[in-house]
Amino acid sequence: MKNIIFINLMVLLIILSGCSPVIKENADTIQLWEQKKSQLNISYNENNYPIEIKNINSKNEEFELTYKKPPQKVVAFWQSSVETLIALGVGDRIVAGTGIPDKKYLRPEYREEYSKIPYTGLQNLDIETITMLEPDFILGWYSTFAPKVAGTTDYWNSRTVNTYIAKSSAPTKSINDNILIKPKHSLDEEYQYILDLGKIFDRKDRANELVGQMKKEISFVTEHTKNINKKPRAIIIEFLGKDISVYGERTLAGDILQRVNGELLEPNVERFSFEQLIDLDPDVIFIVITEQHYGDERMYLDRIYQNKALQGLKAVKNKRIYPVPLYAIYSPGIRAYDGIRIMAQGLYPELYKEK
């Protein structure tokens, strides 16, 4: 009977994801699936439970959920969720991890654990498929918990499945018909995300260690650059077709750049042009690469390096244009550390020559 259920689930997953099956194609998948189903008695410190964790729901409203024990079967959406759980040492509880184009974009030390997850892929899972996986916890972005994606937080919470939304993925809030509040994202949200998951999974020490690594890196940069006369002038952009999007001071990328002692150009601008780039003449340019274009970094760098009109830019002359993968600056979880390093090295390469 178990094998019949598994086969039906596998077929359903393939149908739902079109030509690219969500599940991994390897001989150990069925065995791993059975192991996950039997792994229901995980040891933990009972004195740490129950706990109340504040989070947001599908309406972008704050609320609290009670955890009577650590989650044992997890569905994780997007790279930040999967890698952060693996980093906390609970990757073996993930029964499905989606949103990763290829495991080569994971940190090398996480790839083996990722390979053990029964169901992986880039596509989302729908409500029916998640239900068949029987999770007790779903972790993802705000967009994950839409009615036509993975289902709302209310839907799952009413079925005793706890949910957690990365707050840094939350959208603009509408106060009324005339007022919109655009959220200001910062590293503090990523710290809280990691610390909350540490509490939920009884991994508080490890969570504190991961957050401490990020804070230590920032302290290293700020301490060694506190006496500089002029901060490097930098801009963070993303190519959107023919348009150029700018990451300003309300974005996580902008927050990171300023925390590692860079001067963020165009902090309140959302769209940009090459003409404006010439007028600004930044010392450093960071180009955000989205998950669909990981591996195409050179192509995006060359849009500036090979543009004849931009040859006079300092960043072009000094070869100071750097790619930034989206996983490092958008709701990144533990990969915020990568964002910190990329920005810091781009601004102050001399600090990292021997580090």
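## The nonpolar core

Let's start in the middle: the largest nonpolar core of this protein holds 105 residues, and Ile285, Ile287 and Ile304 have the most contacts inside it. A nonpolar core here is a set of buried Ala, Val, Leu, Ile, Met, Phe, Trp, Tyr and Cys residues joined through side-chain atoms within 4.5 Å. Buried means under 20% relative accessible area, exposed means over 50%, and partly exposed is what falls in between (1.4 Å probe, protein chains only).

Take Ile304 and look at what surrounds it. If you skip residues up to four places away in sequence, Ile304 touches Ile237, Phe239, Phe274, Leu277, Ile285, Ile287, Leu310, Gln311, Val316 and Ile321. A contact, by the way, is a pair of heavy atoms within 4.5 Å.

## What you are looking at

The model is predicted, so local features need pLDDT of at least 70 and side-chain atom pairs count only at pLDDT 80 or more, while totals for chains, interfaces and linings use all residues. Residues are numbered from 1 along each chain as its sequence is written, and side-chain values use heavy atoms, with hydrogens and water left out.

## The whole protein

The protein has 13 helices and 15 strands. These are DSSP runs numbered from the N terminus: helices are H or I with at least four residues, strands are E with at least two. Of the 355 residues, 50% count as buried.

Among contacts with a separation of 6 or more, 68% come from residues 24 or more positions apart.

## Helix α8

Helix α8 runs over residues 204-225, which makes 22 residues, and reaches 32 Å from its first C-alpha to its last, close to the 32 Å expected at 1.5 Å a residue. (The expected span is 1.5 Å times one less than the number of residues.) Which residues of α8 are buried? They are Ala207, Leu210, Val211, Met214, Glu217, Ile218, Val221 and Thr225. Seen down the axis of α8, these buried residues fall within an arc of 105 degrees, so they line one face of the helix. The arc is taken from the directions that run from the helix axis to the C-beta atoms.

On the other side of α8, Asp205, Lys216 and His224 are exposed. The buried residues of α8, meanwhile, pack against α3 (79-87), α7 (187-200), α9 (252-259) and α13 (336-347).

Now zoom in on Thr225, which lies in α8. Thr225 counts as buried, at 2% relative accessibility. Leaving out residues up to four places away in sequence, Thr225 touches Asn261, Tyr348 and Leu351. Thr225 and Gly262 are 37 residues apart in sequence, and their C-alpha atoms are 9.8 Å apart in space.

## Helix α11

Ile304 turns up again in α11 (residues 297-305), where Tyr300, Leu301, Ile304 and Tyr305 are buried. Seen down the axis of α11, its buried residues fall within an arc of 140 degrees, so they line one face of the helix. Their cover includes β10 (233-240), α10 (274-280), β14 (284-289), α12 (314-317) and β15 (321-325).

## Buried spots in the loops

Is Lys73 buried or exposed? Lys73 is buried, with a relative accessible area of 6%. You'll find Lys73 in the loop between β2 (62-67) and β3 (74-77). The side chain of Lys73 reaches the backbone oxygen of Leu133 at 3.2 Å. This is a polar contact: a pair of N or O atoms within 3.5 Å, where within protein one must be able to donate a hydrogen and the other to accept it, and residues adjacent in sequence count only if both atoms are side-chain atoms.

Ser186 sits in the loop between β9 (180-181) and α7, and counts as buried at 13% relative accessibility. Apart from neighbours within four places in sequence, Ser186 is in contact with Leu252, Asp255 and Arg259.

The peptide bond from Tyr49 to Pro50 is cis, with omega near 0 degrees. Pro50 is in the loop between α2 (29-38) and β1 (51-56).

Then look at phi. Asn60 is not a glycine, yet its phi is positive, near 65 degrees. Asn60 belongs to the loop between β1 and β2. Asp202 also isn't a glycine and has a positive phi of about 60 degrees; Asp202 is in the loop between α7 and α8.

Methods:
The expected span of a helix is 1.5 Å times one less than its number of residues.
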